[in-house]
Amino acid sequence: MKILVVDDHAVFRVGLKKILKSEWETAVVEEAPTAAAALQKIGDPSWSLLILDLTLPDRSGMEVLKEVKKRNPQIELKF
């Protein structure tokens, strides 16, 4: 399982990463502090889960979701 946590608050990212790793020890959990960083990483189609803050400083999370869907049309989005 590969999980990407996107949030501009480092404390939140680190805490959530610890929680996720405690539940799924073999999971690969990566972080991105901005929309731009997330979009660079999301090009890899092997992500299992994207946890995305909707209020990022450089771009809205909803815009990021639209871009993710455009780049990976086969990805399933759940709200």
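Trainee: Does K2 count as buried or exposed, and at what relative accessibility?
Mentor: This is a predicted model, and every value discussed here is computed from it. K2 is found in strand 1. Buried means under 20% relative accessible area, so K2 counts as buried, at a relative accessibility of 18%.

Trainee: Which residues does K2 touch, not counting residues up to four places away in sequence?
Mentor: Contact here means heavy atoms within 4.5 Å. With residues up to four places away in sequence not counted, the residues that K2 touches are V28, E30, D44, S46, W47, S48 and L49.

Trainee: With which side chain does the side chain of K2 make a polar contact?
Mentor: S46 and W47 are both among the residues that K2 touches, and each of them has a further relation to K2 that can be described. K2 lies over the face of W47, at 4.5 Å from the ring centre. The polar contact, at 3.3 Å, joins the side chain of K2 to the side chain of S46.

Trainee: How many aromatic pairs does a search of the whole structure find?
Mentor: The ring of W47 has K2 lying over its face, but an aromatic pair would need two rings whose centres lie within 6.5 Å. A search of the whole structure for such pairs gives a count of zero.

Trainee: How many salt bridges does the structure hold?
Mentor: One of them joins E31 and R13, whose closest N and O atoms are 3.0 Å apart, and another brings together the side chains of E63 and R59, at 3.4 Å from N to O. For the structure, the number of salt bridges is seven.

Trainee: Why does the salt bridge between E31 and R13 tie together parts that are apart in sequence, and how many residues apart are they?
Mentor: E31 forms a salt bridge with R13. E31 counts as partly exposed at 23% relative accessibility, whereas R13, at 11%, counts as buried. Because E31 lies in strand 2 (residues 28–32) and R13 in helix 1 (residues 10–23), the pair ties together parts whose separation in sequence is 18 residues.

Trainee: About how many helical turns separate E67 and R71?
Mentor: E67 forms a salt bridge with R71, and their closest N and O atoms are 3.0 Å apart. E67 counts as buried at 16% relative accessibility, while R71 is partly exposed at 40%. Because the two are four residues apart in helix 3 (residues 61–71), the separation is about one helical turn.

Trainee: Which residues do salt bridges that share partners join into one network?
Mentor: Being four residues apart in helix 3, E67 and R71 are separated by about one helical turn. Salt bridges that share partners build one network, and its members are R59, E63, E67, K70 and R71.

Trainee: Which element gives the most to the largest nonpolar core?
Mentor: The largest nonpolar core has 14 residues, and those with the most contacts inside it are L4, V6, A32, I42, L52, L56 and V64. Strand 1 (2–6), helix 2 (35–41) and helix 3 are the elements that give two or more residues to this core. The one that gives the most, with four residues, is helix 2.

Trainee: How many residues are in the second, separate core?
Mentor: L52, which is among the residues with the most contacts inside the largest core, touches V6, G61, V64 and L65 when residues up to four places away in sequence are not counted. The second core is separate and includes I3, V5, L16 and V29, and its number of residues is six.

Trainee: What distance separates the C-alpha atoms of T26 and I75?
Mentor: T26 is found in the loop between helix 1 and strand 2, and at 74% relative accessibility T26 counts as exposed. Leaving aside its neighbours within four places in sequence, T26 is in contact with M1 and K21. T26 and I75 are 49 residues apart along the chain, and the distance between their C-alpha atoms is 22 Å.

Trainee: How far apart in space are G43 and V68, C-alpha to C-alpha?
Mentor: G43 lies in the loop between helix 2 and strand 3 (49–52), and G43 is partly exposed, with a relative accessible area of 47%. G43 and V68 are 25 residues apart in sequence, and in space their separation, C-alpha to C-alpha, is 8.2 Å.

Definitions and conventions: Residues numbered from 1 in each chain as written. Predicted model: local features only at pLDDT ≥ 70, side-chain atom pairs only at ≥ 80, totals over all residues. Heavy atoms only, no water. Salt bridge = Lys/Arg side-chain N within 4 Å of Asp/Glu carboxyl O. Buried < 20%, exposed > 50% of the residue type's maximum accessible area, 1.4 Å probe, protein only. Core = buried A, V, L, I, M, F, W, Y, C linked by side-chain atoms within 4.5 Å. Polar contact = N/O pair within 3.5 Å; in protein donor to acceptor, adjacent residues only side chain to side chain. Phe/Tyr/Trp six-rings, centres within 6.5 Å; stacked < 30°, edge-to-face > 60°. Lys NZ or Arg CZ within 6 Å of the ring centre and 35° of its normal.
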